[in-house]
Amino acid sequence: MKQGDNLAEAIKLEGITKILGNRQILKDINFAVKIGDIFGYLGPNGAGKTTTIRVILGLFPPNSGKAYIMGKDAQDDAARQKVGFVLEADGLYDNMTAYENLDYYCRIYGMSSALKSKRHDDAEGIDEMLELVELSDRAGDNVSSYSKGMRQKLALARSMVHEPDLLIFDEPTAGVDPTGQIEVRQIILNLAQRGKTIFLSSHNLDEVQRICNRIALIDQGEIKLYGELEKLRRDMGRREVIIETGITTTEEARLLDGLVAELEALSYVTSCCKEAQKLRLQLDGRGDVSEIVAMLSQKSIGVEEVRKGEISLEEIYAKVTKGGE
Amino acid sequence: MNQIMVIVKRDLRETLRTKAFYVSIAMVLFFMVMLGGAVKGQINTLIEKGLSPAEITSAAQPLMGTTVFMLSLMLMMLFCMYINAYTLTMEKVKRSLESLLCTPLSLRQICLGKSLAVFLPSVILGLLFAFGAIAGINQFFIAPKIGQFVMPGAAPLVATLVAVPLIVFFLVTLMIALQLIITNIRWIHAALMGLIFGVGFGLSPVLRFGSASWSIVFISLGVAAVLALVTIYLSRLVTKERIILSSKG
């Protein structure tokens with residue numbers, strides 16, 4: 001990607017590998033975050049999420065591959081001019097007030113010099129951010145007196161103070177109480193509505209499911225899954241078929257039990273399990289459901305409904321991280 | 001340069017809010033009272049020998065030179081240790097440094113900002129206290145006896161105003177570089193403490209040969225040059241990755 005190209009991707013990782021010590025943390029990582037995405041980056045602890053973020057933010061140079069942010073090489077300091085971030089550790093200065101923390105970062109990004117003639121505007125910018133995260137009334141308090149939730153909200157405000165186009169959040173709700181989590185999530189959604197591109201690393205699946213449109217799932221340093229969340233759910237769900245049978249007697253239940261082994265033996269059935277009156281089958285995409293229905297009919301087992309399975313992000317996550325998919 | 005000064009100003013403000021800074025001032029004041037007593041004794045010895053004011057002046061001048069040179073060097077190093085011990089250690093522990101590294105600032109800007117935030121107050125305070133001591137010694141012990149002030153010679157003045165700040169600047173830069181990449185920062189502070197005493201004892205014989213001579217300027221500039229070379233060599237090892245990984249400890 002060259003600078004000046006029509007920018008469509010806020011983040012692009014091409015074949016990133018990262019070795020720390022003698023351990024390969026990232027193995028050939030490839031994905032792109034499009035402009036306007038709320039991109040969820042999922043993975044269990046130790047999967048390589050934070051290392052990926054460090055590569056994106058230019059803290060770690062990759063051993064091989066290239067990372068780009070906003071069309072520029074991530075190792076280029078200037079590439080981070082329009083990038084906001086909240087890292088695992090909030091990085092706030094405890095001895096400074098909320099206002100001073102934001103003012104400091106304003107100046108680091110060169111905001112004060114640009115707005116020197118309009119200092120009032122500069123102050124308004126900080127005030128606006130504090131209002132957005134509902135910390136205006138505590139703006140003059142030292143950050144050391146803040147709760148974890150308040151600190152995270154202030155870190156979010158700090159990430160926005162220079163009006164970035166891309167925001168990178170590493171576990172922004174970790175350690176925050178449920179009310180705080182809802183507030184932080186709402187702030188992130190508000191930011192997305194303002195047209196910001198958001199990269200959200202999390203292992204809170206509910207959070208990702210609620211707010212992200214695209215995801216990548218990393219496990220043991222490898223990207224296991226990547227794409228649009230709804231499409232992934234559809235695609236993975238399409239392979240699951242739920243058959244509601246009309247069994248009522250013990251004899252029918254016994255017949256159904258016997259059929260499970262037969263169905264599992266079919267080449268296109270990857271798994272089959274019986275849940276009360278239901279049969280839950282995983283197909284590999286080649287199979288024909290009508291053949292299965294016919295087999296049930298041959299055993300005189302009535303079929304009341306056949307429907308595609310709905311797969312949640314949690315189920316996708318479990319399947320992928322356990323190596324089932 | 002603007003962004004560097006933003007770091008310097010914030011760190012200075014942080015320094016002024018720390019107890020360690022005021023403890024260092026109190027320690028220096030105590031040290032100066034002790035030093036004043038020692039110098040007073042030396043001046044009295046000269047007077048008791050029955051020397052004329054002109055002879056006392058020529059005998060006291062090297063003493064003033066040694067005092068201003070040694071005092072400025074040791075005070076600057078002491079302030080460096082106290083100021084630096086708090087700010088950078090806390091930034092690594094609280095991981096605020098990691099956030100700073102994610103901004104568009106270059107590593108060089110951050111290192112320079114952090115170094116200047118330690119160097120500037122240390123040099124200003126060191127010079128202020130050292131020349132304050134000279135003024136005090138003259139005001140209270142010399143002028144009442146011989147009716148005039150005895151100032152240090154040109155060589156120790158140049159050494160104090162040029163060479164010593166250069167030594168301190170490269171020492172601070174070296175210290176910051178090491179602190180950034182070494183997990184156990186206490187080792188750096190212990191090393192610096194050793195260096196302060198080492199310089200104190202090590203320079204004593206050199207000064208005996210004549211603090212008023214220009215050799216002190218050249219020796220000091222040589223020390224600064226060696227420190228500069230070591231700093232330049234070691235600064236190659238300072239990378240964002242090393243800083244982050246050493247912050248974990």
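## Reading helices, burial and surface patches

Mentor: Chain B has nine helices and zero strands, where helices are DSSP runs of H or I of at least four residues and strands are runs of E of at least two, numbered from the N terminus. This is a predicted model, in which local features need pLDDT of at least 70 and side-chain atom pairs count only at pLDDT 80 or more, while totals for chains, interfaces and linings use all residues. Residues are numbered from 1 along each chain as its sequence is written, chains are lettered from A and ligands numbered from 1 in the order in which they are written, and side-chain values use heavy atoms, with hydrogens and water left out.

Trainee: Why does B:Phe218 count as exposed?

Mentor: Buried means under 20% relative accessible area, exposed means over 50%, and partly exposed lies in between (1.4 Å probe, protein chains only). B:Phe218, which lies in helix α8 of chain B, has 58% relative accessibility and therefore counts as exposed.

Trainee: Why is A:Asp127 called partly exposed?

Mentor: A:Asp127, whose place is in helix α4 (residues 119-132) of chain A, has a relative accessible area of 37%, which falls between the cut-offs of 20% and 50%, so the residue is partly exposed.

Trainee: What makes helix α2 of chain A largely enclosed by the rest of the structure?

Mentor: Eight of the eleven residues of this helix (residues 98-108) are buried, and therefore the helix is largely enclosed. Among the buried residues are A:Leu102, A:Tyr104, A:Tyr105 and A:Ile108. Just after α2(A), A:Gly110 takes a positive phi of about 75°.

Trainee: Which residues form the nonpolar patch on the surface of chain B?

Mentor: The patch is formed by B:Leu161, B:Val162, B:Leu166, B:Trp214, B:Phe218 and B:Leu221, with about 570 Å² of accessible area together. Patch residues have over 30% relative accessible area and no salt bridge, with nonpolar side chains (Val, Leu, Ile, Met, Phe, Trp, Tyr) joined within 5 Å and like charges within 9 Å. Accessible areas come from the Shrake-Rupley method with a 1.4 Å probe, and for residues only the protein chains shown count as cover; a salt bridge is a side-chain nitrogen of Lys or Arg within 4 Å of a carboxyl oxygen of Asp or Glu. The largest share of the patch, three residues, comes from α6(B).
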